[in-house]
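Trainee: I'd like to learn how to read a structure like this one. Can we go through it feature by feature?

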Amino acid sequence: LRAVSVNDEICKTVGGELRGIAALVQLLGAPAARGGGEGGAALVKALCGALRGLVAADDNKSRFTDAGGPAAVVDVMRMYPAVASVQEVALGCLAAAILRNPEGAIAAVEAGAASAAVDACDA
């Protein structure tokens with residue numbers, strides 16, 4: 001999915017019409033993503049990377065927020081505090097989602113993104 005999210009129109013189609021953002025956020029809460037271990041970390045990293053690509057389109061930023069994306073990303077950051085690659089991609093996802101999106105930034109802070117970012121830097 002990251003490979004096809006190369007332009008705004010594709011991002012809008014996948015993220016909106018095809019409900020890709022809602023599906024990816026939902027997968028962040030799936031048992032496979034929350035199960036821990038290398039497999040869970042790899043899944044979370046892939047999901048956050050795909051979301052980061054899709055929220056590059058401004059129309060998808062509100063979809064990410066409405067789907068509970070900020071809270072879901074912060075939750076998985078807290079599940080994998082010692083996995084630097086997960087922290088990096090998750091923070092990249094949040095950064096892309098809040099860029100030019102004040103409502104998304106508020107939702108991210110309310111979900112605990114600021115403290116999660118500090119914790120990621122300390123890890």
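Predicted model: local features only at pLDDT ≥ 70, side-chain atom pairs only at ≥ 80, totals over all residues.

Trainee: How many salt bridges does the structure hold?

Mentor: Three. Asp 58 also meets Lys 61 in a salt bridge, at 3.9 Å from N to O.

Trainee: What is the spacing of Asp 58 and Lys 61 along helix α5?

Mentor: First the general idea: an α-helix has 3.6 residues a turn, so residues three or four places apart point the same way. In this case, Asp 58 and Lys 61 both belong to helix α5 and are three residues apart, about one turn of the helix.

Trainee: Is Lys 61 buried or exposed?

Mentor: The idea is to look at relative accessible area: under 20% is buried, over 50% is exposed, and partly exposed is in between. Lys 61 has 2% relative accessibility, so it counts as buried. Asp 58 has a relative accessible area of 40%, which means it is partly exposed. Arg 100 is at 57% and therefore counts as exposed. Through shared partners, the salt bridges join Asp 58, Lys 61 and Arg 100 into one network.

Trainee: And which residue forms a salt bridge with Arg 34?

Mentor: Asp 75, with the closest N and O atoms 3.8 Å apart. This pair also links distant parts of the chain, with Arg 34 in helix α3 (residues 31–34) and Asp 75 in helix α6 (residues 69–79), 41 residues apart. Arg 34 counts as partly exposed because its relative accessibility is 31%. Asp 75, at 35%, is partly exposed as well.

Trainee: Let's turn to helix packing. At what angle do the axes of α6 and α7 cross?

Mentor: In general, two packed helices are described by the angle between their axes and the distance between the axes. For α6 and α7, the axes come within 10 Å and cross at roughly 165°. Angles over 145 degrees count as roughly antiparallel, so α6 is roughly antiparallel to α7. Their crossing is left-handed. On the α6 side, Pro 70, Val 73, Val 74 and Met 77 meet Gln 87, Ala 90, Leu 91, Cys 93 and Leu 94 of α7. Sorted by class, this contact of α6 with α7 has eight nonpolar residues, one polar and no charged ones.

Trainee: Is α6 roughly parallel or antiparallel to α9?

Mentor: The axes of α6 and helix α9 (residues 113–122) also come within 10 Å, but cross at roughly 30°. That makes α6 roughly parallel to α9. This crossing of α6 and α9 is left-handed. Val 74, Met 77 and Arg 78 of α6 make the contact with Ala 113, Ser 115, Ala 116, Ala 117 and Ala 120 of α9. By class, the contact of α6 with α9 divides into six nonpolar residues, one polar and one charged.

Notes. Residues numbered from 1 in each chain as written. Heavy atoms only, no water. Salt bridge = Lys/Arg side-chain N within 4 Å of Asp/Glu carboxyl O. Helix = DSSP H or I, 4+ residues; strand = E, 2+ residues; numbered from the N terminus. Buried < 20%, exposed > 50% of the residue type's maximum accessible area, 1.4 Å probe, protein only. Axes fitted to C-alpha atoms, helices over the stretch in contact; angles between N-to-C directions. Parallel < 35°, antiparallel > 145°, perpendicular 65-115°, else oblique. Left-handed = near helix turned anticlockwise from the far one by under 90°. Contact = heavy atoms within 4.5 Å. Nonpolar A, V, L, I, M, F, W, Y, C, P; charged D, E, K, R; others polar.
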